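Here are a few exercises to work through with the model open in your viewer. Try each task before you read its solution.

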Amino acid sequence: MCVFDKWLQTEPVQLPAGPLQYEALVDSGQVGEAELLEQLGREVARNYITPGELALVFDDLGAPEVARYVRTNMFPAETRTRHGDFGEIVTGALYRRVRRWCVPILKLRWKQTVNQAVQGTDLLAFRLRQNPPVVAVPEVETRATRKLDLGQEAHDSLEKILDNDRLDESIRFVTVRCFERGQGFLARRIAEVLRQPEHRSVERHMLFVHDHAAWKEEVVTRLAGIVKQPTELTVVKIRDLQDFVARVYEAAEAQGAPKDHTRDTAA
């Protein structure tokens, strides 16, 4: 069982009326702090660092210089960027490791600069064995402070992606990255989803990583009032989020190279 299976548990919520499906996840208390920080730090590192990349720079991967190199050249320095990236990392791990979607790439590895996001969707997840194949398009938001219009912002951003060519651009990005890594079969399957938009099912998803104390259910109430199509909302509540993210990145820097070099996808 991976740490994500144990770390988060479902919290009882009042489900809103209408097409919005809502789930809240909170710390289960089943994972010790040291283990949790180590495992999340490892997950953060593997999202930025391509296996074997540090070997091109260092002979001794245990050297203190590695941590400084990773901190300076791979991990974002800006707190806001780290929070946004952390939300995407948690979302990717949740979809891959717990919900068992196919998440073909770790998009943060393709950032041009450490503080600049890759354009396109935050994340794409697939169920390629279903007929028609399903594409989940999660809009990810990370907040350490209260913002009651958070749902409105996420809804507007998601609709912009789905109302123009940005979704196809993001699917193409995933296809090319898979092909470059030698995953020809997976690339072809995703290319079919791109080539045949009439033969695919697109799901609207939102995932908010939010400070536990700052969260208000009014965010859900407001969002439910504007959602017109089936949409899945997941809220991950983390206590003292800003401090928690800082400690996770410290753990990631201390580890240097990620230890888990297994495949990034999950069928």
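**Exercise 1.** Work out how helix α2 and helix α9 are oriented to each other, roughly parallel or roughly perpendicular, in this predicted model.

*Solution.* Start with the ranges: α2 covers residues 33-48 and α9 covers residues 241-255. Next, take the geometry: the two axes lie 7 Å apart, and the packing angle is about 70°. Angles from 65 to 115 degrees count as roughly perpendicular, and therefore α2 and α9 are roughly perpendicular to each other. For the handedness, α2 passes α9 in a right-handed crossing. Now list who touches whom: α2 contributes E33, L36, L37, E38, L40, G41, R42, V44, A45 and Y48, while α9 contributes F244, R247, V248, Y249, A251, A252 and Q255.

**Exercise 2.** Now find the angle at which α2 and α4 cross, and describe their contact.

*Solution.* The two axes come within 10 Å and cross at roughly 100°. That makes α2 roughly perpendicular to α4. On the α2 side, the contact is made by E43, V44, R46, N47 and Y48; on the α4 side, by D85, F86, I89, A93, R96 and R97. Sorting these residues gives 5 nonpolar, 1 polar and 5 charged.

**Exercise 3.** Describe the largest pocket: what is its volume, and which residues are closest to its centre?

*Solution.* First, the volume of the largest pocket is about 710 Å³. Its lining has 26 residues, and G84, E88, D122, V140 and E141 are the closest to the centre. Then ask which elements supply the lining: α4 (79-98), β4 (134-143) and α5 (150-162) each give two or more residues. The largest share comes from α4, with 6 residues. Finally, the lining residues divide into 5 nonpolar, 10 polar and 11 charged.

How values were computed: Residues numbered from 1 in each chain as written. Predicted model: local features only at pLDDT ≥ 70, side-chain atom pairs only at ≥ 80, totals over all residues. Heavy atoms only, no water. 1 Å grid on protein atoms, 1.4 Å probe; cavity = no way out; pocket = protein on both sides within 12 Å on 5 of 7 lines; lining within 4 Å. Points joined across faces, edges and corners; volume = space filled by probe spheres on them. Helix = DSSP H or I, 4+ residues; strand = E, 2+ residues; numbered from the N terminus. Nonpolar A, V, L, I, M, F, W, Y, C, P; charged D, E, K, R; others polar. Axes fitted to C-alpha atoms, helices over the stretch in contact; angles between N-to-C directions. Parallel < 35°, antiparallel > 145°, perpendicular 65-115°, else oblique. Left-handed = near helix turned anticlockwise from the far one by under 90°. Contact = heavy atoms within 4.5 Å.
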